[in-house]
Amino acid sequence: MLNQEQTLDYIRKAKNGDESAKQQLFNNNSALLKSVIRRFCNKGIEYDDLYQIACIGFLKAIKNFDEEFGVKFSTYTVPMIIGEIKRYMRDNGAIKVSRTLKILANKINHFIDDYQTKNNFSPTIECIALNFNISQEDVVIALDSVKMPLSIFDKFEDDDEGQELIDKLITTDNEEKTIDRIHLSNIIESLSDREKKLVVLRYFRDKTQCEIAESLGVSQVQVSRLESKVIEKLRKKY
């Protein structure tokens, strides 16, 4: 294993085109790469393809890493690799939403915009359901369908530390849990205070949109739209 100074030295050499230095960094971080990749297995993408995509993310990490960041290279690398894999999954339709559901979501969003313009406040979920003659549950599902794929921001129960915000993947390996926390920390730090509060209430405390609306002093629909904007912002960033 390379120590921090050796790692930095190889990174400098790799940035200058030293292929052997790049290979040494790959070899030293092989376990890290495999740990990240395991989180995305059984998602409809072959392991070899996942490995190639992870390598692209790793090379980007080498290129963009700056010693002044004040973090270990491995800490910086993890979200870069995860982001590369997630972008590939999103762009190549690894997680699909039906066209019918997307069309319904677009119609609902247009209705919400028109309603807000005419009434100066947002319609309730019940109002939307009545207008489209569908159930309230179908309204929420439709609005959720145009968010970032659910596998990225679902939650699961962790026996040791309570609920975590992460892809709805079960991890038992301590190294993978560490990767989850690194990526989660990077995501949350990029949000505004209001967005962080929404994330904490929604994904850490398992609050409903209605409960969050009460806490933030807005309508349930506004919470849903704010959540969508937060996810869209993270999609563009990662």
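How are helix 1 and helix 4 oriented to each other? They are roughly perpendicular (65 to 115 degrees), because their axes cross at roughly 95° and come within 9 Å. Axes here are lines fitted to C-alpha atoms, for helices over the stretch in contact, and angles run from 0 to 180 degrees between N-to-C directions. Helices are DSSP runs (H or I, at least four residues), numbered from the N terminus.

Two points on the source. This is a predicted model, where local features need pLDDT of at least 70, side-chain atom pairs count only at pLDDT 80 or more, and totals for chains, interfaces and linings use all residues. Residues are numbered from 1 along each chain as its sequence is written, and side-chain values use heavy atoms, with hydrogens and water left out.

Back to the pair. Ile11, Ala14 and Lys15 in helix 1 (residues 4–15) meet Ile62, Lys63 and Asn64 in helix 4, where contact means heavy atoms within 4.5 Å. By class, this contact has 3 nonpolar, 1 polar and 2 charged residues.

Next, helix 2 (residues 19–28) and helix 4 (residues 47–64): their axes cross at roughly 120° and come within 11 Å. On the helix 2 side, Lys22, Leu25 and Phe26 meet Cys55, Phe58, Leu59 and Ile62 of helix 4.

Last, Glu84 sits in helix 5 (residues 73–91). Glu84 counts as buried (under 20% relative accessible area), because its relative accessibility is 11%.

Methods:
Helix = DSSP H or I, 4+ residues; strand = E, 2+ residues; numbered from the N terminus. Parallel < 35°, antiparallel > 145°, perpendicular 65-115°, else oblique. Nonpolar A, V, L, I, M, F, W, Y, C, P; charged D, E, K, R; others polar. Buried < 20%, exposed > 50% of the residue type's maximum accessible area, 1.4 Å probe, protein only.
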